[in-house]
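Subject: Structure handover

Hello,

Here is the structure I promised to pass on to you.

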Amino acid sequence: MPKNSKVTQREHSSEHVTESVADLLALEEPVDYKQSVLNVAGEAGGKQKAVEEELDAEDRPAWNSKLQYILAQIGFSVGLGNIWRFPYLCQKNGGGAYLVPYLVLLIIIGIPLFFLELAVGQRIRRGSIGVWHYVCPRLGGIGFSSCIVCLFVGLYYNVIIGWSIFYFFKSFQYPLPWSECPVVRNGSVAVVEAECEKSSATTYFWYREALDISDSISESGGLNWKMTLCLLVAWSIVGMAVVKGIQSSGKVMYFSSLFPYVVLACFLVRGLLLRGAVDGILHMFTPKLDKMLDPQVWREAATQVFFALGLGFGGVIAFSSYNKQDNNCHFDAALVSFINFFTSVLATLVVFAVLGFKANIMNEKCVVENAEKILGYLNSNVLSRDLIPPHVNFSHLTTKDYMEMYNVIMTVKEDQFSALGLDPCLLEDELDKSVQGTGLAFIAFTEAMTHFPASPFWSVMFFLMLINLGLGSMIGTMAGITTPIIDTFKVPKEMFTVGCCVFAFFVGLLFVQRSGNYFVTMFDDYSATLPLTLIVILENIAVAWIYGTKKFMQELTEMLGFRPYRFYFYMWKFVSPLCMAILTTASVIQLGVMPPGYSAWIKEEAAERYLYFPNWAMALLITLIVVATLPIPVVFVLRHFHLLSDGSNTLSVSYKKGRMMKDISNLEENDETRFILSKVPSEAPSPMPTHRSYLGPGSTSPLETGGNPNGRYGSGYLLASTPESEL
């Protein structure tokens, strides 16, 4: 050893000596750590902070129970999309036939990647930024992109909760305010509001009373003060739920995760007792097998799997990072995934039972309206009474009788039939009317509830369920933002969380303009989909191809106490990356073939019209996608060219002869590593990326040096390899 080395200085001096870990690994020989005071620290701004002191001071929160953790994961994954997007996709993509591609993709993509995120979060015990920095520093930008996507989603998602809050408070009146069209006075004459008369009472209430929507995204129209107040209430609720981290959000999850199942069960029982419910359920489960061959159906099923399980958002990783390392996350992945699928199917049964009831009512209404047209034609001699079957009774006209009469008139008056303006009034046509997203919840379902006995009660229950579903997802989304930032930059938790909520509220004012619903469409349908797909595929590549699937499987075996099924090896290594690459390509092609647009509500027409986004909106959309994905290439380039350190060259070791931080002489041999590296066995350091944990620019892997028995790095120092020392 050189005479002037710092380790030699230690032998002859009582002064502190500090040296970078990279230098120690490259230049120094083994020393007996039992005779030295060992501090591992990272220099930042010229200041050092001992990691041992930091670890002693840090008391990472943990879930109070396994039930609380499972409910948190269920609350995050089961959200509003299970209630309105999954039923719509079933209705659009072949009924029961849609369940086949969804289940296949859930098994080969959803569960393996959900298990992967649970495992890395639990093993490394950090948020998304720390996890992906730890697994592969050059892909450390994945964590930052996850935070940005969570921010984008949280901005508009809480607006939807605000809408639910508005409807919730409006439900405490009878009759429900959207059950009838408003009447306006024109002098002494009272007339029905024209916009409502052309559409429907529920449609009018949604677009005019709730949103007061403008005709296009280019017409701001100013703030909608009612929705602004509801947005403030929504962010206040979310802020109170997450301000203390899992100590506060964990308790909220007991209600927000379980209450929706109580409501769904009540609605299912009530719905099955409604006339026509069976028609709706049979329509839903009658498969249209030709849809299974449509690539678009598979693309939409894969996207729904991503959003349903919360893959790529960072919330799954954040929640699992508060687990003990011996938790069986393999079981958790399968349990939460199938509960999510079960919830989607249960919600679809409820929706189609209620929509079957609504379809029967609308069909009967159609029959009555068209029967009045026929009576008018009979009285004006446009139609002969000989065309009416003798058994038909107009005062008690059934759907079957109307169809018989309709077919006779169509056959006899073939040339003039179109001028009569008669509708076939087919139940199938009513059931085939696809209503997605907010339209399903705030128009179709609310209209059906107006025909329920005690309709205000059911309306209150329904919108309280939506609030809780949204709250559970928002808690996970906020965890995807706050946990990685707090872990990485050590900012004060309460102050940062409140600051995030305040910032998000003010940015969210964009969505409570009169044109705000169109911006919700932009963020929901386009801004998050591509970045999220890219994030998930890079997560898979980082673990399966860069870190190594075999090595990762070995890590899981050590952590879980058993080896996961070989199935996951092949899914992570080959099947999932291939499927996601195809999905990404299909999404890009889809954007090129069909330019992004939105459904605008035109007041004069009282109808929706599909409009393409103007140039400035397209520029905003592209900017959002670029901003969400930009951290990935930026971090990669900076670390590839050593312009940004992975943290190894700022780590240092301080030692001083003759002093002991703690009395470790009495520790058993097996406890020494535990003492230096962690406080409890469950928090023992993860050995995941030991091949690069302390590599600086141009350094050689410690694993390529001599295998000294005193330390796993080929050095006499037993250095901390936990994420805490790296970040």
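Strand β3 (residues 183-186) pairs with strand β4 (residues 189-192) in the antiparallel sense, over four bridges. Pairing here requires DSSP to find at least two bridges between two strands, and the elements themselves are DSSP runs numbered from the N terminus: helices are H or I with at least four residues, strands E with at least two. V183 has V192 of β4 as its bridge partner. Two residues sit between the strands of this hairpin, and G187 takes a positive phi near 75 degrees.

Before going further, a word on the source: this is a predicted model, in which local features need pLDDT of at least 70 and side-chain atom pairs count only at pLDDT 80 or more, while totals for chains, interfaces and linings use all residues. Residues are numbered from 1 along each chain as its sequence is written, and side-chain values use heavy atoms, with hydrogens and water left out.

Now the disulfides (cysteine sulfur atoms within 2.5 Å of each other). The structure holds two of them. One joins C181 to C196, with an S to S distance of 1.9 Å. C181 lies in the loop between α8 (141-170) and β3, and C196 in helix α9 (residues 194-198), so this pair ties together parts that are 15 residues apart in sequence. The torsion about their S-S bond is about -80 degrees, so the disulfide is left-handed. C181 is partly exposed at 24% relative accessible area, whereas C196 is buried at 1%. For these words, buried means under 20% relative accessible area, exposed over 50%, and partly exposed in between (1.4 Å probe, protein chains only).

C366 and C425 form a disulfide too, their sulfur atoms 2.0 Å apart. Here C366 belongs to helix α16 (residues 329-379) and C425 to the loop between α18 (417-420) and α19 (427-431), so the pair ties together parts 59 residues apart in sequence. This disulfide is left-handed because its S-S torsion is about -75 degrees. Both C366 and C425 are buried. With the bonded cysteines numbered in sequence order, the pairing is 1-2, 3-4. C500 is in no disulfide; the nearest cysteine sulfur, that of C501, is 6.9 Å away. C500 counts as buried, at 17% relative accessibility.

Helix α25 (566-593) and strand β6 (607-612) each supply at least two residues of the patch. Y610, in β6, is partly exposed, with a relative accessible area of 42%.

Finally, the overall picture: the protein has 29 helices and seven strands, and 57% of its 727 residues count as buried.

Best wishes
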